[in-house]
Amino acid sequence: MTAIQLRAELFREMNPMLENEAMLSKMLGFVKKLFAEQQAEKKVTDKKPYQVIEVDPEIKKWSGCASFSADEIENDPRLNAILSR
């Protein structure tokens, strides 16, 4: 099955349960659990392809000296991309 077919099948199966609050709560809990397991597996398999170097104290003292408003972040795609990582 393709991803599109799997997605359609998933929504077909979920559709009858969408009116029931208890079922929605159970589905949400299950999906969150699946996602958490996926993230845990990903962290185990992820290896950093770079070397971490300690920041020089002269540079570190400038950490946090700049700030941006929410409007500036929303209107600047570069800031938005950097801060969403």
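R12 counts as exposed, at 53% relative accessibility (exposed is over 50%, buried under 20%, partly exposed in between; 1.4 Å probe, protein chains only). The model is predicted, so local features need pLDDT of at least 70 and side-chain atom pairs pLDDT 80 or more, while totals for chains, interfaces and linings use all residues. Residues are numbered from 1 along each chain as its sequence is written, and side-chain values use heavy atoms, without hydrogens or water.

**Figure 1. R12 and E9 meet in a salt bridge**. Their side chains come to 2.8 Å, N to O (cut-off: a Lys or Arg side-chain nitrogen within 4 Å of an Asp or Glu carboxyl oxygen). Both residues belong to helix 1. They are 3 residues apart, so about one helical turn separates them. E9 is partly exposed, at 28% relative accessibility. R12, at 53%, is exposed.

**Figure 2. E54 and K60 form another of the salt bridges**. Here the N to O distance is 3.8 Å. E54 is exposed, with 65% relative accessibility. K60 is partly exposed, at 48%.

**Figure 3. R78 pairs with D76**. The side chains meet in a salt bridge of 3.5 Å, N to O. D76 is buried, with a relative accessible area of 18%. R78 is exposed, at 62%. The search of the whole structure finds 4 salt bridges, including this one.

**Figure 4. W62 sits in a loop**. The loop runs between helix 3 (57–60) and helix 4 (70–75). W62 is exposed, with a relative accessible area of 55%. P49 lies 13 residues from W62 along the chain. The C-alpha atoms of W62 and P49 are separated by 27 Å.

**Figure 5. The largest pocket is lined by residues of helix 1 and helix 2, among others**. The pocket holds about 230 Å³ of space. On a 1 Å grid, a pocket is an open set of points for a 1.4 Å probe, with protein on both sides within 12 Å along at least five of seven lines; lining residues have an atom within 4 Å of a point. The volume is the space filled by probe spheres on the points. The lining consists of L10, E13, M14, L18, L24, M27, L28, F30, V31, L34 and F35. Helix 1 (3–14) and helix 2 (21–45) each give two or more of these residues. The largest share, 7 residues, comes from helix 2. By class, the lining has 10 nonpolar residues, no polar residues and 1 charged residue.

Figure 6. From the N terminus on, the order is α-α-α-α-α. Along its principal axes, the C-alpha trace spans about 60 × 35 × 25 Å. Of the 85 residues, 4% count as buried. The chain exposes about 8,500 Å² (Shrake-Rupley, 1.4 Å probe). Carbon and sulfur atoms supply 59% of that area.

Conventions: Helices (H or I, at least four residues) and strands (E, at least two) are DSSP runs, numbered from the N terminus. Ala, Val, Leu, Ile, Met, Phe, Trp, Tyr, Cys and Pro count as nonpolar, Asp, Glu, Lys and Arg as charged, and the others, Gly among them, as polar.
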